[in-house]
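Hi,

Here is the structure I promised to pass along.

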Amino acid sequence: MADFGGNELETFRAEARAWIEANFPASLKGKPNPMMREERAKPTADQEAWRKAMGEKGWGTPTWPKEYGGGGLSAAEGRVVQQELARAGAYNPIGGMGVMMFGPTLLEYGTEEQKREHIPPIVRGDLQWCQGYSEPGAGSDLASLQTRAEDKGDHFLINGQKIWTSGAQFADWCFCLVRTDTSKKHEGISFVLIDMHQPGVEVRPIKLIAGNSPFCETFFTNAVALKKNLVGPLNGGWTIGKRLLQHERQGISGGGGAGMFGMGKPLEQLAKEYVGTDEKGRIADADLRTRVVQNAIELRAFQLTAMRAMAEAKGNQNPSAATSIMKNAGTRTLQDRAELTIEIMGSQGLGWEGEGFNAEELAAVRGWLGGKATTIYGGSQEIQSNIISKRILGLPDLTQSK
Amino acid sequence: MAVLTEEQSMLKDAAKSWVQEKSPVSAFRKMRDSGVELGYDAGAWNEMAEMGWAGVIIPEEYGGSNFGYLSLGLILEELGRTLTASPLLASGLAGASALILGGTDAQKSEWLPKIAEGSVVATLAVDEGPHHNPEKVETTFKDGKISGKKTFVLEGMAASLLVVSAKGPKGIGLYLVRADDAGVKRQRLHLADSRGAANIEFSNAAAEPLEGGPELLEKVLDRARAGLAAEMLGAATQAFETTLDYLKTRVQFGQVIGSFQALQHRAAKMFTDLELSRSAVEAALTAIDNDSPDTPELVSLAKAKMGDTYHLVSNEMVQMHGGIGMTDAHDAGFYLKRARAAEAAFGNQAYHRDRYARIQGY
């Protein structure tokens, strides 16, 4: 569980602390990562400086190989960097789908040339990536996707529609599953990289129930993907695509859940504020108290499981089918927490906008609604349960998926 | 389904066809997009009033039809199916109930005919914090004046007559306050469910007492709770039916997703819960019509069970629709948002489970 790195790790910690102190602009302390906002305003000079510093150091992607610009650190050192960033009130300015999903996958499956071209801009935070997976008719049954990639010699011509492409309106590149053989299902899919800045690509944001538009529809009309941007073999994209999904699940459940649960006041504190306490100092509503403690227990067990998984992996950070367990457990606990939050706030937890509600209350409502997507995207809760049944428990598959 | 009289069957059929023709969910969407302050379509409300719906529980001598609460519940259920926003619950049920049960002859004569014709919207103002807690009242009545603050007043911006709970000489009572009184200040609330609501502050506003103490307040609240549960029953039933249609039509893995047993069992559970909820809601409304002594426990049973069911169904509606259910263009989000607002109004599930236990003596 603990890091048994001893003195060497402590030396590294001091070094990391000093570097962060020297490079992290004080004006950004405690501020959220501007990349996490849906409306991306032009970055300030300090935000740009911090991104550049972290990008050059490679510590935004601490465990990625140094030869492609990564930090080249061990998993233990990587955690030290995270801890020291948190201690300094600093966010990691290097992120997005390139870091969470595409980079690790390309490092595993890409050619040397592909890695040299695409990894360094991700490490530096220069280019953003989006995910071209789902289609209107291919959601849970992803492998039924129909977006065609036609062989035109040195390039593919791409035609079709993707949906739920997160952040496509800000993306420079799209990693995309396309059909290169219509006679087979899984074996007719290829993994290609598409430049989003070309005439054949059109992006339309989709308004969600929380009122925001984090996802888009993306239309490809005779868009071009150069052959050098085919990752893995032709018609061999399914394996790579699935591998990437494991990284996605790990990212959604936050590995250790820190990303999912780090925000906001503890539920018990909120409950005491909005519902009050009885003469013994307990949450006054006994029924609510029971459900708050149930959620606290689920959350704690989830965090302990994340820590155990990390310890058992002994530095091997490659995700496995167990990410399905973590995604289901993490998203369920988080959704319950969001439901409890608005229940605790009562009629103050029903505000949409305007006066009569504070920022925390309005954010709780939007967060509750937005969070409903977490059990749908990245493979729905039902698909994760299929994966657990099939790959971990060895039960028969009724969907004939792979 | 309760055994209905001929009148009730006719009322239900009329409501069903009006809702389908004149007030589909697209009408609610249009109202929401318009941002209208009332939180409902005034034209649609006029049509409802013309059909006599605002006077269903009001005695004939005051311009109503005296058909009773189960009858009104049937209409609210149909309106709930398409999330039709209107002051029927606040005014034609809750406000009217307060006057019927506690009004003097003069008060009834003054207000009930106008409520029945829909020209006056009345509403209850009972809560003072984020949670329903009718016993906790700081608002005071003294020398014909009322002062205090009320929260989450349904149709608070549309109402011209406010039925306000306050501490008076004989404990907590209900008082009539005109919304245009100089001592009434309203703040519109923009809620997630896009329905009309307000916080209201009273500063020495002129008030007239209704007859009856805390028991009047509970009786009026129980009527409002049962009526709201009927609306929730309609909404949850429609949310379920829409989801069931999707399970039968959406194809993945070469088959309709409803062929997967994992989804079948969840659909079966929802259907079971809806049937149980319907029994509870109809029993509560019938108990009110019969002035039965077990009305309070049946009302808490209905609001708690219905709340749990609508909560479940509204979540499953989004989950089973997948990504499309997350979009604003789909109706699932409307049912989800309305569910939480309806759950919170007049006591959520935790409140009513606790009240049920208290009434039963444990």
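Strands here are DSSP runs of E at least two residues long, helices are runs of H or I of at least four, and both are numbered from the N terminus; two strands pair if DSSP finds at least two bridges between them. With that in hand, β9(A) pairs with strand β7 of chain B (residues 190-191) in the antiparallel sense, over two bridges. A:Glu353 stands opposite B:His190 in β7(B).

Before the rest, some housekeeping. This is a predicted model, where local features need pLDDT of at least 70, side-chain atom pairs count only at pLDDT 80 or more, and totals for chains, interfaces and linings use all residues. Residues are numbered from 1 along each chain as its sequence is written, with chains lettered from A and ligands numbered from 1 in the order in which they are written.

On confidence, the predictor gives the complex an ipTM of 0.91 and a pTM of 0.90. Chain B has a mean pLDDT of 97, with 100% of its residues at 70 or more (pLDDT is the predictor's confidence in each residue, from 0 to 100).

Now the interface. Chain A puts 39 residues into the contact and chain B 29, where contact means C-beta atoms, placed from the backbone, within 7 Å. On the chain A side, the elements giving two or more residues are α8 (267-275), α9 (286-313), α10 (322-345), β9 (351-353) and α12 (381-392).

Inside chain A, residues of α10(A) that meet α12(A) include A:Ser324 and A:Thr331, and among their partners in α12(A) are A:Gln381 and A:Ile388.

Cheers

Methods. Two residues are in contact if their C-beta atoms, placed from the backbone, lie within 7 Å.
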